[in-house]
Amino acid sequence: MKYTRRTFIKSGLVVTAGIPLLQGCVLSNNKDARDELFELFRDPPGTSKPFVRWWWNGDKLSAGEILRELDVMKEAGIGGVEINPIAFPGGDDLGIPSMTWLSPEWIEMVKVALKGADERGIICDIIVGSGWPFGGEFLQPEEQTQLLTLAAQKVNGPGLVSLKTEDLLKEASPQVASKFKGAYSELYSLHLAPVEMSAFAPARNLPFEKGSETIAAEIPEGEHILYALVKVVGFQSVIHGAPGAAGPVLNHYNQVAVEKFLNRMSDGLFPAIKGLKGFRAMFCDSMELEGANWCHDFPEEFRRRRGYDVEPYLPFILYRVGHMGHAVEGGAATLLSGDAKEEVDRVRYDFFVTCMDVMRDRFLRPYTQWCNKHHFKSRVQAYGREFHPLEASLEVDIPECETWLWFADGEKRRDLAQQPAYTNVNKFVASAARLSGKKIVSCEEVTNTGAVFNATLERIKVVGDQSNLSGVTHSILHGFNYSPPEAPFPGWIRYGSFFNERNPWWAYFKLWAAYKARLSTVFQETEAFADIAVMHPLADMWTKHGTQRDPFPGLHYPKYQYKVWEAIHQNGNSCDYISENIIQRGKSGKGFLTCNTRKYHTLILLETESIQPATATALAEFVKNGGKLIFVGKEPYQSPGWKDHRENDARVKQTIDGMKQSFPSQVFSVAAPGDDMIEWFRGVQQQCGILPYLHIDAPSPYVSQIRHRTKDRDFFFIANCNTMQQIALNVRFPEAGDRQPWIWDAETGEKYPYPSCDGGDELHVSLYPASSLLIVFEKETAREPAPAAPDENAPGMELHGWKVRMEHINGQVEEQETDVPVDLSADPATQAFAGYLFYTKQLDDTETGNYLDLGRVYGVSEVTVNGEALGCRWYGRHLYRLPELPATAGRREIQVKVATTVGNYLKSSPDNQTGQNWTRHQPWQPVGIAGPVRLL
C-alpha cells in the first residue's frame, strides 16, 4: 500500500539493535510469568547498571554538591560510583580549599557520599589512596618504590679510569613520566665485562668505597664494558595524587610496607563509617610502576625460588629504564652469543618470573586478604610488567580491564576492526574470571584522553559493545567529574567523555545506560561459553624480550597474538586464554580439558617453543583422552628458565615427540597466519575439524559475537563496530534444536520473535551501522514476527527546503534556511556550533512515504510530526516510522531536533583554557544532519 498525506499508518517504531520492528504488533507469549532472568532483563538491578569513576577533583568538596551529583547520576541510570580522590585538574577552583585524604573533614564527606548513595540505591566502591599507583607523602624511604638499573660505558686498558659517582647516577636515572623530587640513588656495584661473550663468565667485580664522589678503577689491557649497577629509591611519584596521598610510590615488593599502607586507610576511615552500608569493593588502579623491580631481600628471594644466585647475571639482564619501564635503546653493552646468550636469556626469564611471584605474594594476595578482612571485595587492574597477565586476576574478587575510546577524526574514524577499543588485557582478565568461577568482569570503560568533549553516544555504544565482546560484564565509566555548577563552563575536567549534565546529549545518556544495564544483566546472570583455549608464548617472550607494559605492550609476540581470539569468534567459535599452570591443574577426559567449570575440546599454542615439563605431560594426557592440540607456526621443544634446563629440555622434547607419534590424528601443526586472520582461522577449522556453533557464510572483520548459556537458553550477542556501513550475514545455528529465535531488545526491555524466521536454524542477520543484536534461542512459542523496515538502499525521495534554528549553548540563537541539511563543521561560519539544532520542513502533497530516513546524523535526533513525538535515535540508522494523519490534518510539519557534542565550540574558544587543553589538537568534528534526508 502506498501511503499519502491522508493515509499514514499510525504506529511507533522500535529500532531493535539493527532490526526495526513495529512496536505493538507482537507480544511475547510468556508461559512462565515468573521468568526471573527476563524480569531482571526488563528491570535491571543496580549491580548491572553502569558505574562511574567519580573523580573528586582536588577533594574540593561539599556535602550539598556530593548529594546533588548523586541525584544527577541516579536520574541518568547510573548504578554505582567509585569514589576517586584525585589532583585538581586546573581552572577556576572557586576559592574552595582542598581537603586532605583521611582528614576528619574528608572522612565526613565520604560518610555523606555513602549515606546519600544508599538512600538513592547507588552502590559505592572507593579507590585506596589517590591517583595511581599507591603511595603518599607519609612513606618512609624503606617503604618507597625501588629500582635496580645501570649505567654502562666502554673503557680501554691498561690504565686507571676515574669515574664520577654523580655522572654514573645521573646516567642511570630512570626517565619516568612522574618523577618524585625526593628520590635518591646509590651505587650498588661496579663490574667489568668483555665487549663480546660466547660462553658465560661472571663480570669482574670492581671494588669501590660507597659514598665517595670519585671512583678509580684499574682496567686491564683491552676493550671492556664497565657496568655500574645503581639502586634508585622513591624514583616515582603518585600520578595525580590528591593532598594526603601524593608523593612517592609504595614499594609493592615489600609486604610490611604494603600492609602498613593499607592499614593507614582502614585504621583512619573504617571505624568512622561503621553503621553505614559501606563499600562494595576497594579499588586498585593501574599498576604503572615504571619498571620497579627491587626490594631489600630480592637476591635472597630469587635464590630461594629459583635455586641459584642472580647477582652474577645482573649486569646482563638489567637495562636503563625509560618511560613506563621500557628499556632505553642504545648504550654500551656486552654482545652475547652462543651459550652465553642462551644462559642470560634463561636467567632473564627467571628474574621476571621472580618479580611476578614476589608481587603476587607480597602485594596482590595481602591486598585481597585485607579487603576481605574488612568485609569488602578487592577490585584490581592486575596487569603490567610485574604481573602474569592472566594468573594475577585469579587472585582478586573483581578483576578489571580497560576499554578505550580512541580519537575519532570525523569521517576518517579510527577503524575499530583494525584498532579495537578493548585493550590486549581484556581477554586475559575475562578468561581468568571465568576460570576462577567469577561472573563479574569489570572494566574501566570508555577511557578517553584523546576525544574529550567529542565523544558521541554512538561512539560510546560501539566502544561498549566491543568491551562486551571481549568478555566484560560490568562497566565502570571513565568517568564523572565532581564539578559544581558554578564552575565556569565546561567545569572541572580531569579526563573523560564529558559525562555531565552540561553536555547537550546528557538527557539521552539514560537510554544508553538502560541498554548497557540489560546486556550486563544477561552476561552476569548466565554462563559465558568457550570451547577453545589459546595459550600465548609468554615464556618465550619473557626469555627473549622481557615482560611487557600491559595494556599497551611495546611488543606483540608473535605480532598477530591478539588477533587470534578475534578470528575465532568471527568464525563462530568462542575461546578463553589459558596458561601453563591452568593446563597443569586441569583434568583431561572424553575429549575435553576441564578447568574448574570451563571445558575445551581444542587447545591452540601460538608459536610456543618453551614450556615446562609438567605442561608437556598435561598436553600429552589431553591428547591421549581425545582432545585436539594445535601448534601454530612453531612447536615446543625446550623448557624455560636456567636451573636443570638440559634435563627439562629433554623431557619436553621427548614428551612432545612421543605425543605426535602416538596420536597423529589429534595433534596438528598449522602455518602462522598472514594478514587475513578470518580466512586463516577458517582454514584451521577445516584442517583440524573444528565445528563452529555459528556457521557464518561470509564473516566480516567488523562483526563479532559471543555466546552465553543457561540450562535451557542460548544467548548470542552479535555487534557491528562499523559506524558507517550496514552488514548482512547469513548465520546458521546448528544447536538450535526445537527452540525458537527471539530478539531480547536491550533498549526497551521487550522481546520479539526474530523477523523473517521460517522455523529453521538459519537466520538472515542484518546489522545497521553501530548496531547489535541479542538473539535468544528458547522453547517459548513465537507468534507471527513483525515486519522489518526498509533497507538502507531502498529507493526514496530526498527532502528539500529546510529551516534550521540553532540554539547555541552560549545562549546565541540563529535561524537560516538551507536546501538540504549539511554538516555544519564544513562551513567556518557554523563549525563552532554546539547545542541544539531544530530542522523544520513542511511536506507538500507530492512528498509521501511511510518512513523518514535522516541519513547520516552527527548527534542524537528526535522527530516530531505535527507536534507528535516519534521518539529519538542515538546511534546508527536514524529511521522513523511516520504516523497516520487524519484526512483533515491539513499541514504536515516535520521537526527534527539534534543534540551535538561541545568539542568544536571549545576548540574555537581560545580563552577557555580547559577546553583548549583537550581540543586544541583535535580536528573539527562533523555536526548535525549530513543526510540525505529521505522519505521511504
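**Entry 1: Arg877.** I looked up the accessibility of Arg877 and got a relative accessible area of 5%, so Arg877 is buried (buried is under 20% relative accessible area, exposed is over 50%, partly exposed is in between, with a 1.4 Å probe and protein chains only). Arg877 sits in the loop between β43 (868–873) and β44 (879–881). For the element names, helices (H or I, at least four residues) and strands (E, at least two) are DSSP runs numbered from the N terminus. I then asked what Arg877 touches, leaving out residues up to four places away in sequence, and the list came back as Tyr768, Pro769, Pro790, Asp791, Glu792, Asp853 and Leu936. A contact here means heavy atoms within 4.5 Å. With Tyr768 there is also a side-chain polar contact of 2.7 Å. I take a polar contact as a pair of N or O atoms within 3.5 Å; within protein, one must be able to donate a hydrogen and the other to accept it, and residues adjacent in sequence count only if both atoms are side-chain atoms.

**Entry 2: what I am working with.** This is a predicted model, in which local features need pLDDT of at least 70 and side-chain atom pairs count only at pLDDT 80 or more, while totals for chains, interfaces and linings use all residues. Residues are numbered from 1 along each chain as its sequence is written, and side-chain values use heavy atoms, with hydrogens and water left out. The pLDDT, the predictor's confidence in each residue from 0 to 100, averages 93 over the protein chain, and 94% of the residues score at least 70. Over residues 1–33 the pLDDT is below 50, yet this stretch has 113 contacts in the model beyond near neighbours in sequence.

Entry 3: How many salt bridges does the structure hold? I found 59, counting a side-chain nitrogen of Lys or Arg within 4 Å of a carboxyl oxygen of Asp or Glu. I followed Glu82 through two of its pairings. With Arg53, the closest N and O atoms of the salt bridge are 2.9 Å apart. That pair links distant parts of the chain, with Glu82 in strand β4 (residues 80–86) and Arg53 in strand β3 (residues 51–57), 29 residues apart. Glu82 is at 1% relative accessibility and counts as buried; Arg53, at 3%, counts as buried too. With Arg379, the side chains of the salt bridge meet at 2.5 Å, N to O. Arg379 is in strand β13 (residues 377–380), so its pair with Glu82 ties together parts that are 297 residues apart in sequence. Both Glu82 and Arg379 are buried.

Entry 4: Glu395 and Arg365 form a salt bridge at 3.0 Å, N to O. Glu395 lies in the loop between β13 and β14 (398–404), and Arg365 lies in helix α8, 30 residues apart. Buried or exposed? Glu395 counts as partly exposed at 22% relative accessibility, and Arg365 counts as partly exposed at 33%. Tracing shared partners, I found one network joining Asp297, Glu301, Arg304, Arg305, Arg306, Asp357, Arg360, Asp361, Arg362, Arg365 and Glu395.

**Entry 5: helix α5.** The buried residues of α5 are Ala257, Val258, Phe261, Leu262, Met265, Ser266 and Leu269. Their cover includes α3 (104–119), β5 (123–127), β11 (281–284) and α8 (338–373). At the start of α5, a side-chain oxygen of Asn254 comes to within 3.1 Å of the backbone nitrogen of Val256.

**Entry 6: cysteines.** I searched the whole structure for disulfides, meaning a pair of cysteine sulfur atoms within 2.5 Å, and got zero. For Cys124, the nearest cysteine sulfur is that of Cys371, 16 Å away. Cys124 is buried, with a relative accessible area of 4%. For Cys355, the nearest is that of Cys295, 8.5 Å away, and Cys355 counts as buried at 3% relative accessibility.
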